[in-house]
Amino acid sequence: MKSCVGKGEFEGEAKSTQHGSERGGDITEPLLKERKELSCRNVTTFALCLVVYLCCNLALALFPPFFPLEAAAKGATSGIVGAIASTNPLCAVITSPIFGYYLPRLGVKFTFVAGIILLGGSCVLFATLQWLSGTIFIVFCFLFALVGGVGSSMVQTSTYALAGLLFHGNYGVATGLLEVAAGLGFMAGPPVGGALYEVGGFRLPFLVVGVTLLGILPILCIIIKPIGLKEDQLPISIILRVLKNFIIISLVLSAVIGTSTLSFLVPIYSPFLYTQFDLSVYKIGLVSLIDAATYVGLCLVTAPLYDRLPPRPFIITGLVLCSLGCFLIGPAPYIGTPQLWLTLVADGILGAGVALIIAPSYTAMMQATRSQYPELSTDAIAMLISGVIPSAISCGEFIGPLVGGASKEAFNFEECASLFGEVCLAMALLMLLATTFDTCYKILYPKSQPSYAVD
């Protein structure tokens, strides 16, 4: 099979690494051996990407404080509001792998800039909905949410690709910082949206975020140079081989389950806190920041470790923590009766668990793909994985609320949370078995690697 060798134009971008020929099949060398000295331009570029990524996630989190009320006043039911909110993650699930596939042809810079234009433009367009109502309001909400979803998918995919292209051997730090930016955006979104709504009404939150994103564009166009592979995108046959790898499948499932473990709380957590502990809306808002704050803090602290230690044990630990958090947040019927302090602790455990699942996933997928397909260049793998991670995360964000809301109809909150805890525990056992088998195979057969392909 032909080696897909990246020839980046960006300063500090790594040249092709011919693992199969130069190492004689030895693919056990750690990724940190490939570390490159970071240039000032690389750091500046990634800093701007972090700002954009924060604004992107902040834009997605603006809605909860005011949009449901405004939409209800304009004739939208709660089900329609939920469908509008689900449009963005559903769009990302579908389009992220597509953009990841076409990144070498489109170029990372073009995809990044086009995504910002679409996302910022959709925010500005949302501001114009103030003068609409009824069916036409609902139709344009879906249309603008669809545009924003495509833009968000392009930004996320290209940002992960930039992390892989600019920081060879430092993927853990780069993706950890990306998750910190995402967490900060989701934390700041509701209070910023509510504050701007109080000051300027429906239009102001969308206008501020949209104009901010569009205002960054000139700086980005100057700082970021064209980045991409000189060759065409990888053949579909190679991509399917990579995605059929059992280790990759288990990592994707872990990311989906981990994200859904937090997102399933969206439709059912606030009613539980209100009815069980009689908390005010303000206090419920503060409680909802616990998992986000824990997520951000742990991503920031543990990011350097993912480049120095095997990432899969972190993911297994995260799944176990998610399982523990789900069992305690109710708590499960067989543990005891609901207590506020226990619920708050469990909320923090959930945030920590999801951080340990998502942040090292990029590094784990890079290592697994490099291990099985050493003939592929690092840049080619980075662009491929950059479409898989956002799709998996968005899939969890889409599935979680749907399953959580549907489960609440059949079970109470405690039983619903326990169900997610059991799923997380089962996934942890599956990941442990896959990792154990992979490790044992490499010890017994150091000169060859298992295929793990799922037919």
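Okay, a definition to start: a salt bridge is a side-chain nitrogen of Lys or Arg within 4 Å of a carboxyl oxygen of Asp or Glu. The general idea is that side chains of opposite charge can pair when their charged atoms come close. Keep in mind that what we're looking at is a predicted model.

Arg312 belongs to helix α13, while Asp438 belongs to helix α17, which covers residues 413-444. The two are 126 residues apart, so this pair links distant parts of the chain.

Are the two partners buried or exposed? Remember that buried means under 20% relative accessible area. Arg312 has 13%, so Arg312 is buried. Asp438 comes out at 4%, so Asp438 is buried too.

Let's stay with those helices for a minute. Two packed helices are described by the angle between their axes and the distance between the axes. For α13 and α17, the axes come within 7 Å and cross at roughly 160°. Anything over 145 degrees counts as roughly antiparallel, so that's the label for this pair. The crossing, where α13 passes α17, is left-handed.

Helix α13 has another neighbour to talk about. That helix runs over residues 312-329, and it packs with helix α14, residues 340-358, at an angle of about 160° and with the axes 7 Å apart. That makes these two roughly antiparallel as well. Here again, α13 passes α14 in a left-handed crossing.

Now over to another pair, helix α2 at residues 40-60 and helix α6 at residues 134-166. Their axes are 10 Å apart, and the packing angle is about 155°. Therefore α2 and α6 are roughly antiparallel to each other. And the handedness? α2 passes α6 in a left-handed crossing.

Last stop, the surface. There's a nonpolar patch here of about 540 Å², built from Leu90, Ile94, Ile98, Tyr102, Leu106 and Phe110. Which helix gives the largest share of that patch? It's helix α4, residues 78-106, with 5 residues. Why does Ile94 count as exposed? The cut-off for exposed is over 50%, and Ile94 has 52% relative accessibility, so Ile94 makes it.

Technical notes. Residues are numbered from 1 along each chain as its sequence is written. This is a predicted model: local features need pLDDT of at least 70, side-chain atom pairs count only at pLDDT 80 or more; totals for chains, interfaces and linings use all residues. Side-chain values use heavy atoms; hydrogens and water are left out. Patches are made of residues with over 30% relative accessible area and no salt bridge: like charges are joined within 9 Å, nonpolar side chains (Val, Leu, Ile, Met, Phe, Trp, Tyr) within 5 Å. Accessible areas come from the Shrake-Rupley method with a 1.4 Å probe; for residues, only the protein chains shown count as cover. Helices (H or I, at least four residues) and strands (E, at least two) are DSSP runs, numbered from the N terminus. Buried means under 20% relative accessible area, exposed over 50%, partly exposed in between (1.4 Å probe, protein chains only). Axes are lines fitted to C-alpha atoms, for helices over the stretch in contact, and angles run from 0 to 180 degrees between N-to-C directions. Angles under 35 degrees count as roughly parallel, over 145 as roughly antiparallel, 65 to 115 as roughly perpendicular and the rest as oblique. A crossing is left-handed if the near helix is turned anticlockwise from the far one by less than a right angle, and right-handed if clockwise.
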